[in-house]
Amino acid sequence: MSQRGRGAAEEVSVTPWAAAEPLVVAARSGDVLALNDLLELLTPYVNRLCRPIALTDTADAVQEALIAVFRGLPKLKDPRSLYAWVRTIAVREAVRVAKRASREVPVAVDDCDGIVGLLGTRTTTELASEVHDVLRRLSSEHRAILVLRELEGLDEKAAGELLNVSIGTVKSRLHRARDNFRKAWVR
Amino acid sequence: MNGDAVNGDVMDADWPTGGLDPVRRLRVLAAGLNPVMYAEAHLDVSFAEVWAVAGDLEGELPHLIPSIRAFRLEEGGAGGAAAGGRDRCRAVAHGPLGHAADFDVLLQSGWCLMQSRMVIGGMAAVAEGAGTRFAVLGGARPSWLRSGLSPLRPIGRGRGARMIDRARRRVAVRRVDVRESRS
């Protein structure tokens, strides 16, 4: 993993905790206003993860992910792992919702910056629009692995643990995802 | 893989801001709180009419919740962002037997949460087609009490449905009042 990717992954598990810690503690005691603040804190992060995977069903994916997060909050053993735990749930729910959905349309422009890095070029509105079209043609599993590697900067081991697949599967899925992305792009 | 493709850190304030609508947010809170009462329904009236009732806590809450005789916001109370007022304030609820409880209130357009030391409540509304989806939540605040009341959830659903029905009736009453004041 690159230095920047490693930094991003570390910040997921450390930096946001300072803001989330008192809210998690208060939320567990039934403080509805703390739950509201925690919801506001987590929603953009969950939205960012779900959007490139669930595409037009992002609202459903974000809702389902946050329901699973809030339902599981009392059982979270180490609250310092909140963001890593939320990421696991969000990606799984986004893949599940995307599989369930019958239609898929392009993602928003802002969500493609990391994916566009595959092409070694800069994002423009026109380019992003073409990237959306290419992403739409990938499976939800391939979009998920690209989000974890390109947006979240996870290494293959961490991505495999999150998706509950072996490192070998991550490698082959990532290879196929990149390959399909490039082939679709060339066309 | 080009590591530079990683799109910034997770605390980046420029994340896409497309969030959840108020009713979806209340569903999420309900999942976390496991309240004894949660219900939602589609009302064939506009969002503005529904929220004119639900957001008028002092005027309408006693009509919506029978166990509240009066609800008083602290001076200058929560006017909501749309009204240019603060969206958080304190309030006092008075019960039918004269007892009172202090509440913290968060009131925004389509979104209201309130809690005392023992009780939590919430209302949410969002435009849905030509009408409005309206949701209500209520229950005990301490976790030990919430788990103790969980067997009463089927009754709570009925109470929530009746509260929504009362909101529907209050919208109709307000329409009549408006017509009469014009004539």
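**Burial, packing and composition**

A:Val91 counts as buried, because its relative accessibility is 0% and buried means under 20% relative accessible area, with exposed over 50% and partly exposed in between (1.4 Å probe, protein chains only). This is a predicted model, in which local features need pLDDT of at least 70, side-chain atom pairs count only at pLDDT 80 or more, and totals for chains, interfaces and linings use all residues. Residues are numbered from 1 along each chain as its sequence is written, chains are lettered from A and ligands numbered from 1 in the order in which they are written, and side-chain values use heavy atoms, with hydrogens and water left out.

Q: Where is A:Val91 found, and which residues does A:Val91 touch?
A: A:Val91 is found in helix 5 of chain A; helices (H or I, at least four residues) and strands (E, at least two) are DSSP runs, numbered from the N terminus. Not counting residues up to four places away in sequence, A:Val91 touches A:Ile53, A:Ala144, A:Leu148, A:Leu162 and A:Leu163, where contact means heavy atoms within 4.5 Å. The C-alpha atoms of A:Val91 and A:Arg51 are separated by 9.8 Å, and the two residues are 40 residues apart along the chain.

Q: What makes A:Thr43 count as buried or exposed?
A: The relative accessibility of A:Thr43 is 10%, so A:Thr43 counts as buried. A:Thr43 lies in helix 3 of chain A and touches A:Val62, A:Leu66, B:Gly19 and B:Leu20, not counting residues up to four places away in sequence.

Q: Why are helix 4 of chain A and helix 5 of chain A called oblique to each other?
A: Helix 4 (residues 58-72) and helix 5 (residues 82-100) of chain A pack at an angle of about 140°, with their axes 8 Å apart. Axes are lines fitted to C-alpha atoms, for helices over the stretch in contact, and angles run from 0 to 180 degrees between N-to-C directions. Angles under 35 degrees count as roughly parallel, over 145 as roughly antiparallel, 65 to 115 as roughly perpendicular and the rest as oblique; helix 4 and helix 5 of chain A are therefore oblique to each other. Their contact has 10 nonpolar, 1 polar and 5 charged residues, where Ala, Val, Leu, Ile, Met, Phe, Trp, Tyr, Cys and Pro count as nonpolar, Asp, Glu, Lys and Arg as charged, and the others, Gly among them, as polar.

Q: Why is the term oblique applied to helix 2 of chain A and helix 3 of chain A?
A: The axes of helix 2 (residues 17-28) and helix 3 (residues 32-54) of chain A come within 8 Å and cross at roughly 140°. Helix 2 and helix 3 of chain A are therefore oblique to each other. Residues of helix 2 of chain A, including A:Leu23 and A:Val24, meet residues of helix 3 of chain A, including A:Leu38 and A:Leu41. By class, this contact of helix 2 with helix 3 has 10 nonpolar, no polar and 1 charged residues.

Q: How many helices and strands does each chain have?
A: Chain A comes to 10 helices and 0 strands, whereas chain B has 5 helices and 7 strands. Buried residues make up 53% of the 187 residues in chain A and 47% of the 183 residues in chain B.
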